[in-house]
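Keep the structure in view while reading.

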Amino acid sequence: MPHKTESYAAIICVSLGLVVSTLLAPKNSFFLANAAFYWASQLGVLAFVFLFEPRPAIVAGVAIALATYLAAFGIWVFTRMHPDSMAWLLYVFSLPGATVGAVGVAGALRSRSTLHPLIAGSVTACVVLAGVILNQAAVCSTFFYCLGK
């Protein structure tokens, strides 16, 4: 049975994804739809992870990695000279890498319940971000040109 602190960390990290989603969503009539799109994509990745009945530290690691990626991607989009709404497709197309990383680490760490929560969460976050980076590199070198102005 995980410690309460580990469960609280998972709740905080999942909530952080909601906070990032609401901060990035344009404050107009499409605010709720955009915020829901950003956060639902994170919840979609987490849904696959829950198939492995993960401990809260793994949920926290996945959630913090996804919130970090969303924040970084949003900063990249909104600091471009001419932000393109289609750039968000790149975000969506990078999520399979996050899902593969998250599911892989959830499966690998499933039998390691004695691993310290901070180590389990950190390893999870690093593997998820590595999945995103590899997926992003593949998408940017095949379907999208990501270095444009």
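In this predicted model, the largest nonpolar core has 41 residues, and the members that touch the most others are Val62, Leu66, Leu70, Phe73, Trp88, Tyr91 and Val128. Helix α3 gives the largest share of this core, 13 residues. In soluble globular proteins, nonpolar side chains tend to be buried together.

| Element | Residues |
|---|---|
| α2 | 31–49 |
| α3 | 56–78 |
| α4 | 87–109 |
| α5 | 117–142 |

Helix α1 also gives two or more residues to this core; α1 covers residues 4–24.

Leaving out residues up to four places away in sequence, Tyr91 is in contact with Phe37, Tyr38, Ser41, Gln42, Tyr69, Leu70 and Phe73. Of these, Leu70 and Phe73 are also named among the core residues that touch the most other members.

Side chains of opposite charge can pair when their charged atoms come close. The model has one salt bridge. It joins Arg55 and Glu6, with 2.8 Å between the closest N and O atoms. Arg55 is in the loop between α2 and α3 while Glu6 is in helix α1, so the pair ties together parts 49 residues apart in sequence. Both Arg55 and Glu6 are buried.

Which residues form a nonpolar patch on the surface? Tyr8, Ile11 and Ile12 do, and together they have about 350 Å² of accessible area. Tyr8 lies in helix α1, the helix that also holds Glu6.

How values were computed:
Residues are numbered from 1 along each chain as its sequence is written. This is a predicted model: local features need pLDDT of at least 70, side-chain atom pairs count only at pLDDT 80 or more; totals for chains, interfaces and linings use all residues. Side-chain values use heavy atoms; hydrogens and water are left out. Patches are made of residues with over 30% relative accessible area and no salt bridge: like charges are joined within 9 Å, nonpolar side chains (Val, Leu, Ile, Met, Phe, Trp, Tyr) within 5 Å. Accessible areas come from the Shrake-Rupley method with a 1.4 Å probe; for residues, only the protein chains shown count as cover. A salt bridge is a side-chain nitrogen of Lys or Arg within 4 Å of a carboxyl oxygen of Asp or Glu. Helices (H or I, at least four residues) and strands (E, at least two) are DSSP runs, numbered from the N terminus. A nonpolar core is a set of buried Ala, Val, Leu, Ile, Met, Phe, Trp, Tyr and Cys residues joined through side-chain atoms within 4.5 Å. Buried means under 20% relative accessible area, exposed over 50%, partly exposed in between (1.4 Å probe, protein chains only). Contact means heavy atoms within 4.5 Å.
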